[in-house]
Amino acid sequence: MVSATPIDRHADKFVHLQGVEQAFATKQGRFVALRDIDLAIAKGEFITLIGHSGCGKSTLLNLIAGLTVPTAGALICDGREIAKPGPERAVVFQNHSLLPWLTCFGNIHLAVEKVFGAKEGKARLKARTDAALALVGLAHAAAKYPHEISGGMKQRVGIARALSMEPKVLLMDEPFGALDALTRAKLQDELLKICEATRATVVMVTHDVDEAVLLADRVVMLNNGPAATIGEILPVPLARPRDRLALAADPTYLACRQAVLTFLYEKQRHPQPLAA
Amino acid sequence: MESSAPATPSETPRPALLSGKMGKEGQGSDALLRLVKAVLPPLLGLAAFVAIWYVATLSGGSGIPGPVATWQEAVKLFGDPFYRNTPNDQGIGWNVLASLQRVGIGFGIAAAVGIPLGFLIGRFDFLARMLSPIISLLRPVSPLAWLPIGLLVFKKADPAATWTLFICSIWPMILNTAAGVKQVPQDYLNVARVLALSEWQVFTRILLPAVLPAVLTGVRLSIGVAWLVIVAAEMLTGGVGIGFWVWDEWNNLNVAHILIAIGVIGIVGLLLDQGLMLLAKRFTFESR
């Protein structure tokens, strides 16, 4: 409808959102955060969700995670309705959400044990945990507690925990939002490598235009709330593996970036003037 | 004081950033200085206290013995802390142990009831709202008001005292545990939901470790209150115990023993508190 992009081109509807609406009861009455969300995500696809703050990006992610239930519409993952959260849709939370009384190893092992503990032996579970830590380059920090490591490392443990569950879909809620620019770039590159190696299906919420374009196969742009809808869907036709430096001058990359910027700052100018 | 002391060469440059990486000799005298700084104020305070006590009791008119006389009594008393003449005439060691035992039993039962109850109140809002008026009403009541009820129900002094301790130590444990459960960050519970942990796993893997520091705070407050109340309770119930002993020595007009008992009660209370503080530190995690 609003979107010019034919979403049906992706025949593979691995994650399928149909007419999703999310409303909350508030003191001022019913508040509709999201409405008419239709989106089909193919297996192995990397989707980034972008929009101004408060537009309902995280709300949409929570719906796919199953942490909240939509007030209307249906969400389907791999042919099954999403009714509640589960390890098949692993979440990397905005603030890492590591359990502070467990070591990095312990945090990941808890997830591994829950998902694979029923059918695999102790040694195999430990191997899985070690592999997840190695995947994000943190094998040396296995015995450290969350408060002993940096913010970037914590977020890497969060990613390792999510990946260790071998999820069907990896959901990331502004995972790098709290990090400095250099650490963020490093983790984006690592994530690109990991996703290319694991062929993971990813939905990532971000407010960073460069991040959205660099990582995504398609950038899903949300209108401003309340009652936000999908404004545009931008395919990013850049070959993988992607190289940050080479892309910096790539015309396709720049055109994509420009399209997202235009959407955010012209079509969807934020109600309040931005301080930047 | 330390500024007037002659500074050794290694001490002269003392910027905060460098002090950690000083030479070996510098470190030695630094450690000594730190020790003096740490020990001097409390020692001075104690000395001043004893001096005031000494001066105030110099005339002897008040009937309160001075520090010297009290010290001599204490030496005698602690020379044989574990004697047993009659049920009402036992060494101070037995009295302290009897009080500690009562506190242990009363507190133990209170913990067994109060901590699970606190968990339930923290987890289920309905229960919290159901019990909150009762708790709010009963909590400010002096536990000694419950002593007659205990005497009536148990017909004996000893369980009545334990009952009083139970009452006084249950409130901090209920309230702290409940507050701790309520303050478990939603993030942790979201993690639990994404991992699809069972209710029992949520309890053992998330809630219990997250709430343990708050529970230990409740335990510490409870023991502190119980140790305050035991003295008064034993004064009323009699038998063996440090509170009874204080009252008995008052009847004997042995004021030096009362002063010693005050010191002993203070030291035992301090040890209990410090011990539990250490325990709490062991189980507290950095939340950042």
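Reader: What helices and strands does chain B have?

Author: Chain B of this predicted model has ten helices and two strands. Along the sequence, these elements follow the pattern α-α-β-β-α-α-α-α-α-α-α-α.

Reader: How much of chain B is buried?

Author: Of the 288 residues in chain B, 29% are buried.

Reader: And what share of the contacts in chain B is between residues 24 or more positions apart?

Author: Such pairs account for 67% of the contacts in chain B that have a separation of 6 or more.

Reader: How do helix 3 and helix 6 of chain B pack?

Author: Helix 3 of chain B covers residues 92-123 and helix 6 of chain B covers residues 157-182; their axes come within 6 Å and cross at roughly 30°. An angle under 35 degrees counts as roughly parallel, so helix 3 of chain B is roughly parallel to helix 6 of chain B.

Reader: Is that crossing left-handed or right-handed?

Author: Helix 3 of chain B passes helix 6 of chain B in a right-handed crossing. The residues of this contact divide into 19 nonpolar, nine polar and three charged.

Reader: Moving on to helix 7 of chain B, which of its residues are buried?

Author: Helix 7 of chain B spans residues 186-194, and its buried residues are V191(B), A192(B) and V194(B). Seen down the axis of helix 7 of chain B, they fall within an arc of 165°, so they line one face of the helix.

Reader: What do those buried residues pack against?

Author: The buried residues of helix 7 of chain B pack against elements of both chains: helix 1 (57-65) and strand 6 of chain A, together with helix 8 (199-237) of chain B. After helix 7 of chain B comes A196(B), which has a positive phi near 55°.

Reader: How many residues are in contact between chain A and chain B?

Author: On the chain A side there are 18 residues, in contact with 15 residues of chain B. Strand 6 (89-92) and helix 2 (104-116) of chain A are the elements that give two or more residues to the side of chain A that touches chain B. Helix 2 of chain A gives the most, with three residues.

Reader: How do the residues on that side divide into nonpolar, polar and charged?

Author: The side of chain A that touches chain B has 13 nonpolar residues, four polar and one charged.

Reader: Now to chain A itself. What is the packing of helix 4 and helix 5 there?

Author: Helix 4 of chain A, residues 151-164, packs with helix 5 of chain A at an angle of about 15°, and their axes are 11 Å apart. That angle makes helix 4 of chain A roughly parallel to helix 5 of chain A. Helix 4 of chain A passes helix 5 of chain A in a right-handed crossing.

Reader: Which residues meet there?

Author: From helix 4 of chain A, G152(A), Q155(A), R156(A) and L163(A) meet T183(A), L187(A), I194(A) and T198(A) in helix 5 of chain A. The residues of this contact divide into three nonpolar, four polar and one charged.

Reader: Where does F176(A) lie, please?

Author: F176(A) is in the loop between strand 7 (169-173) and helix 5 (181-198) of chain A.

Reader: Is F176(A) buried or exposed?

Author: F176(A) has 25 other C-beta atoms within 10 Å, and 20 or more make a residue buried, so F176(A) is buried. Leaving aside residues up to four places away in sequence, F176(A) touches Q155(A), R184(A), L187(A), Q188(A) and E211(A).

Reader: How far apart are F176(A) and T206(A)?

Author: They are 30 residues apart in sequence and 8.3 Å apart in space, C-alpha to C-alpha.

Reader: One last topic, the backbone. What is the phi of D78(A)?

Author: Phi of D78(A) is positive, near 55°, and the residue is not a glycine. Most residues other than glycine have a negative phi. D78(A) lies in the loop between strand 4 (72-77) and strand 5 (80-81) of chain A, and is partly exposed, with 15 other C-beta atoms within 10 Å.

Reader: And what about the phi of E166(A)?

Author: E166(A), also not a glycine, has a positive phi of about 45°. E166(A) is in the loop between helix 4 and strand 7 of chain A and counts as partly exposed, with 17 C-beta neighbours inside 10 Å.

Reader: Is the peptide bond from R240(A) to P241(A) cis or trans?

Author: The bond from R240(A) to P241(A) is cis, with omega near 0°. P241(A) is in the loop between strand 10 (230-235) and helix 7 (244-247) of chain A.

Conventions:
Residues numbered from 1 in each chain as written. Chains lettered and ligands numbered in written order. Predicted model: local features only at pLDDT ≥ 70, side-chain atom pairs only at ≥ 80, totals over all residues. Contact = placed C-beta atoms within 7 Å. Helix = DSSP H or I, 4+ residues; strand = E, 2+ residues; numbered from the N terminus. Nonpolar A, V, L, I, M, F, W, Y, C, P; charged D, E, K, R; others polar. Axes fitted to C-alpha atoms, helices over the stretch in contact; angles between N-to-C directions. Parallel < 35°, antiparallel > 145°, perpendicular 65-115°, else oblique. Left-handed = near helix turned anticlockwise from the far one by under 90°. Buried ≥ 20, exposed ≤ 12 C-beta atoms within 10 Å, placed from the backbone. Arc of directions from axis to C-beta.
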